[in-house]
Amino acid sequence: MEWAEVGFRTSHEAVEAVSALFEETGAAGTVIEDPALINEYIHSGLWDYTDIPEQKDTSTVTVKAYFAADDALDEKLAALRMGLDAIAARGVDTRPAEFLTARLQDEDWANSWKKYFHTDKIGKRIVIQPSWEEYEPQADEVVLRLDPGAAFGTGTHPTTAMCLRALERLVKPGVTVFDVGTGSGVLSIAAAKLGAAKVQAADYDATAVRVARENIEANGVAGVVSVGESDLFSAFDGKAELVTANLIADLVIRLLPDLDAHLAAGGVLLASGIIDDRAQEVREAAETAGFSIAEDHAEKEWHAMVIRRRGGS
Ligand code: SAH
């Protein structure tokens, strides 16, 4: 299918009303490009790719959305224009009120991120190879062929990279692994290739489950890794020696009360996606739930922690 990208440059004041209008009109995805926010991200160091230049004009915001470029498109654009007039008529300053349209192919939209993702050695042994690149591995390297598609997990984000490095040490031959919030399946595939006997991967997002399944098959580890939908631990039965959870601080905290039920004797939780500001809270929640922090790794503003039962049992 072909898609039309429709943008509207407007004031900060009008952004909410305009993006609500885009959604009401049937946009498939709405993006707000706020140059002020882009500058904030650049300065925060939160982005891996800082080839986006500092934005000079921060006075306006662009609301962008994608509409199917079919017979109904003209009608939708007309409805959009009327809606924008109605917003202005309510006294909201929508200036500069500039309409931008571009038609783009589905392919371009789906593939535009690929230029940022290349073969990359993450740990001592793990190499992430996008499925569209060629790579000749060295003797002891563990190569993960990945196509993250719409799911999170190219392996290069600090939160994932820290997990992959830890997995090189934590995955002992024959262990069982639970991977909560598997995204592209990256951690599960790594665990299987590092020698885990059984890996159960899950995500609450159906798209992630589909992408993970494709990646698991493409890496030839479908015999070891099973994947399904689950809200945190809800669909998990039994115990694992290693639980991976690259989520966010809130979800790691939510996971902790159920951890004891899913951790085998001597097992560990590898928790990541924990932002600096919330790290102390996670440490305290772990202590409260009867665990202790065995390792705390940090990269940029992210933490990955290895958490085990207090006393090591
Ligand atoms: N494990 C991958 C992806 C991490 S991104 C990696 O390390 O790179 C976090 C993933 O957790 C996303 O795919 C998201 O869909 C999933 N997620 C978020 N909330 C969840 C929940 N409540 N239960 C299960 N998965 C969840």
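User: Before we look at burial here, what do buried, exposed and partly exposed stand for?

Analyst: Buried means under 20% relative accessible area, exposed means over 50%, and partly exposed lies in between, with a 1.4 Å probe and protein chains only. By that rule Glu141 is buried at a relative accessible area of 13%. Please keep in mind that this is a predicted model, where local features need pLDDT of at least 70 and side-chain atom pairs count only at pLDDT 80 or more, while totals for chains, interfaces and linings use all residues. Residues are numbered from 1 along each chain as its sequence is written, and side-chain values use heavy atoms, leaving out hydrogens and water.

User: Thanks! Which residue does Glu141 meet in a salt bridge?

Analyst: The general idea is that side chains of opposite charge can pair when their charged atoms come close. The cut-off for a salt bridge is a side-chain nitrogen of Lys or Arg within 4 Å of a carboxyl oxygen of Asp or Glu. Here Glu141 meets Lys121, at 2.9 Å from N to O. Lys121 lies in strand β5 (residues 120-121) and Glu141 in the loop between β6 (126-130) and β7 (142-146), so the pair ties together parts that are 20 residues apart in sequence. Lys121 is partly exposed, at 39%. Helices (H or I, at least four residues) and strands (E, at least two) are DSSP runs, numbered from the N terminus.

User: How many salt bridges are there in the whole structure?

Analyst: A search finds 14. One of them joins Lys64 to Glu5, with the closest N and O atoms 3.7 Å apart. Lys64 sits in strand β3 (residues 60-68) and Glu5 in strand β1 (residues 2-11), so this pair links parts that are 59 residues apart in sequence. Lys64 counts as buried at 17% relative accessibility, and Glu5 is buried with a relative accessible area of 17%. Another salt bridge pairs Arg309 with Asp260 at 2.6 Å, N to O. Arg309 belongs to strand β14 and Asp260 to helix α8 (residues 249-262), so parts 49 residues apart in sequence are tied together. Arg309 is buried at 12%, whereas Asp260 is partly exposed at 41%. Salt bridges that share partners also join Glu5, Glu33 and Lys64 into one network.

User: Now the sheet that holds β14: what is its strand order?

Analyst: Strands of a sheet pair through backbone hydrogen bonds, either parallel or antiparallel. Two strands pair if DSSP finds at least two bridges between them. In this model 7 strands form an open sheet, ordered β10-β9-β8-β11-β12-β14-β13, with mixed pairing. Its edge strands, each pairing on one side only, are β10 (225-229) and β13 (291-299). Strands β12 (residues 263-275) and β14 (residues 302-309) run antiparallel and are joined by 6 bridges. Within that pair, Ile274 stands opposite His303 in β14.

User: Which strands does helix α9 touch?

Analyst: Contact means heavy atoms within 4.5 Å. Helix α9 (residues 276-288) packs on the sheet and touches β12, β13 and β14, its direction making about 160 degrees with that of β12. Axes are lines fitted to C-alpha atoms, for helices over the stretch in contact, and angles run from 0 to 180 degrees between N-to-C directions.

User: And at what angle do α8 and α9 cross?

Analyst: Their axes cross at roughly 5 degrees and come within 10 Å. Angles under 35 degrees count as roughly parallel, over 145 as roughly antiparallel, 65 to 115 as roughly perpendicular and the rest as oblique. The two helices α8 and α9 are therefore roughly parallel to each other. Residues meeting between them include Val252 and Leu256 in α8, and Val282 and Ala285 in α9.
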